[in-house]
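Keep the structure open beside you as you read.

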Amino acid sequence: MQQKTFWMHREQQEYPIIRGRHSADAAVVGGGLTGLMTALWLSRAGLRVALVEAARLGSGASACCAGIASVCGGLRYARLEKRLGAGAAADYARTQAGAFRALRDLAREQGPSSGWRDADVHLTAEGESGARRLEQEAQAMMRAGVAASVAPPSLCPLPAAAALTVRDMGMLHPMRFLRYLAAQAVRQGAKFYEDSRVTSLETNMVHTERGSVQAPYIIIATGYPIVNTPGWYFLRMQQRQGWLLPLESAVRFEGIYLDAEGRYALRNLRDGALFQLNGGPVGAGENRTALEAFRRNYAPALGCGEPDGMYGGAECVTADGLPFIGPYSHKTPNLFVAGGYGGRGLVGAMLAAQIISARVLGLPGDGYDLYGGQRGGVTPRFVLGLAGRYAGGLTTRHWAPRCPHMGCRLVYDARARIWECPCHGSRFDDIGRVLSGPAVHDAQVRRSK
Ligand SMILES: Cc1cc2nc3c(=O)[nH]c(=O)nc-3n(C[C@H](O)[C@H](O)[C@H](O)COP(=O)(O)OP(=O)(O)OC[C@H]3O[C@@H](n4cnc5c(N)ncnc54)[C@H](O)[C@@H]3O)c2cc1C
């Protein structure tokens with residue numbers, strides 16, 4: 001039931017289905033980059049970790065990761081400085097840089113098979129106003145302690161008025177890296193279970209259909225959080241569509257290019273390039289139009305006709321562009337949430353591992369509160385947008401199956417043959433089996449008599 005991925009397609013199950021009752025010091029729900037990095041960090045600290053994955057390790061958003069590791073992306077520093085002040089932007093810069101270094105060290109520890117390559121990141125923008133915004137971003141970054149410079153983008157393969165460059169970022173092979181994380185965690189004694197979807201939680205227990213784990217600490221690393229309350233994350237996060245398009249015949253270029261507006265990312269591969277096209281909310285029907293948008297807007301400049309494949313996924317975003325990492329709520333100090341990286345999940349997942357293990361081990365974490373799940377920063381526009389989609393999903397007059405998560409009407413994507421929830425982004429195959437959350441149960445896709 002996994003999606004086809006650009007990096008690998010592992011059919012075989014490597015770890016057992018969980019059966020019966022188990023106990024651990026920490027239960028991690030979800031085996032993507034976040035779950036695996038957190039499991040590795042906690043097990044290196046000496047905790048007994050059990051990780052429970054609904055499908056295969058790395059079968060969620062991580063399967064779609066383009067492998068770009070960067071401390072910048074979008075125009076975050078200027079926005080953060082404006083909203084929360086220079087101190088917050090400096091905290092952001094420090095915590096991102098710390099997570100980036102730890103990620104790079106781990107990739108280098110893995111050796112050549114991680115595919116790690118140092119590369120400069122260029123944030124590009126179009127038009128005069130775009131160039132001005134890049135200038136402002138570069139200044140905010142420098143005030144926060146990140147070295148950045150803006151120049152005309154002489155080598156950029158796509159049209160741009162200016163590029164903001166941050167040196168010495170990097171890229172890797174996300175699936176090989178993920179498998180290394182898993183192997184290292186298992187060596188430290190972590191227990192992994194696949195094909196084991198968590199369907200309910202208690203204070204110190206996670207349950208699947210066939211088994212359970214009792215643990216004082218529970219980490220929800222399921223991408224979109226599967227627990228609605230406490231935390232109310234379903235009103236504060238959205239799943240957006242993204243695609244990877246390998247381009248074997250693209251023009252040659254060096255480094256990594258990220259669109260400042262978040263529409264695309266571009267990196268080179270040993271053979272050609274990898275283009276990441278970002279879209280709107282899951283369920284908005286863009287699977288049909290994305291390829292056309294690529295052909296029209298990007299293919300001519302990249303010197304390629306058709307992409308050599310197209311692989312879809314979804315990424316969680318938050319209103320203020322910062323991920324949610326920390327306790328689920330004030331009342332649940334031992335239940336953790338980690339997600340909403342807005343397309344920068346490699347550094348984000350490492351940050352989650354660092355923050356959560358610091359919390360569990362009682363270590364200080366300077367700047368970690370910035371990411372707390374209970375912070376404000378939810379703009380009325382974002383909430384109204386989500387609430388509008390939710391109300392629309394609940395009240396639509398067309399018959400369609402309802403999502404078992406919160407009851408929205410699903411929409412059918414005939415091209416991909418999947419049902420999608422326009423409210424929170426759950427997906428189901430055409431007979432209703434849940435492919436990705438936040439839903440934890442199958443949908444009833446036939447009209448009952
Ligand atoms: C097209 C695209 C390109 C991207 N490129 C980059 C990039 O270049 N660089 C970068 O840093 N980031 C990138 N990202 C973002 C990055 O891939 C994600 O942020 C990151 O993979 C999220 O990891 P995760 O572990 O939090 O979530 P996921 O990878 O989604 O993992 C969650 C796991 O939880 C499991 N799960 C869900 N529900 C349950 C349940 N009930 N019980 C048990 N398990 C459950 C799922 O099966 C899944 O395996 C990209 C994203 C997309 C969509």
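A salt bridge here is a side-chain nitrogen of Lys or Arg within 4 Å of a carboxyl oxygen of Asp or Glu. By that rule, the count is 20 salt bridges.

Before we go on, a word on the source. This is a predicted model, in which local features need pLDDT of at least 70 and side-chain atom pairs count only at pLDDT 80 or more, while totals for chains, interfaces and linings use all residues. Residues are numbered from 1 along each chain as its sequence is written, and side-chain values use heavy atoms, with hydrogens and water left out.

**Salt bridges**

| Pair | N to O distance |
|---|---|
| Arg-44 and Glu-109 | 2.9 Å |
| Arg-56 and Asp-195 | 3.3 Å |
| Arg-417 and Asp-430 | 3.0 Å |

Let's begin with Arg-44 and Glu-109, whose side chains meet in a salt bridge. Arg-44 lies in helix 1 (residues 33–44) and Glu-109 in helix 3 (residues 86–110), so this pair ties together parts that are 65 residues apart in sequence. Helices (H or I, at least four residues) and strands (E, at least two) are DSSP runs, numbered from the N terminus.

How accessible are these side chains' residues? Buried means under 20% relative accessible area, exposed means over 50%, and partly exposed is in between (1.4 Å probe, protein chains only). Arg-44 is partly exposed at 35%, and Glu-109 is partly exposed at 41%.

The side chains of Arg-56 and Asp-195 also meet in a salt bridge. Arg-56 sits in the loop between strand 3 (49–52) and strand 4 (68–69), and Asp-195 in the loop between strand 8 (191–193) and strand 9 (198–202), so the pair ties together parts that are 139 residues apart in sequence. Is Arg-56 buried or exposed? Arg-56 is buried, with a relative accessible area of 9%, whereas Asp-195 is partly exposed at 34%.

Arg-417 forms a salt bridge with Asp-430. This pair links distant parts of the chain, 13 residues apart: Arg-417 is in the loop between strand 20 (411–413) and strand 21 (418–420), and Asp-430 is in the loop between strand 22 (427–429) and strand 23 (434–436). Arg-417 is exposed at 52%, while Asp-430 is partly exposed at 25%.

Salt bridges also link Arg-83, Asp-320 and Arg-375 in a network.

**Aromatic pairs**

Rings of Phe, Tyr and Trp (its six-membered ring) pair if their centres lie within 6.5 Å; planes under 30 degrees apart count as stacked, over 60 as edge-to-face and the rest as tilted. The structure holds 15 aromatic pairs. One of them is Tyr-233 with Phe-324, edge-to-face at 5.2 Å centre to centre and 65° between the planes. Tyr-233 is in the loop between strand 12 (217–220) and strand 13 (237–247), and Phe-324 is in strand 18 (residues 324–327), 91 residues apart. Tyr-233 is buried at 0%, and Phe-324 is buried at 3%. Elsewhere, Tyr-264, Phe-275, Phe-294 and Tyr-298 form one aromatic cluster.

**Helix 1**

Now back to the helix that holds Arg-44. Ten of the twelve residues of helix 1 are buried, so helix 1 is largely enclosed by the rest of the structure. Among the buried residues are Leu-33, Met-37 and Leu-40. Just after helix 1, Gly-46 takes a positive phi of about 100°.
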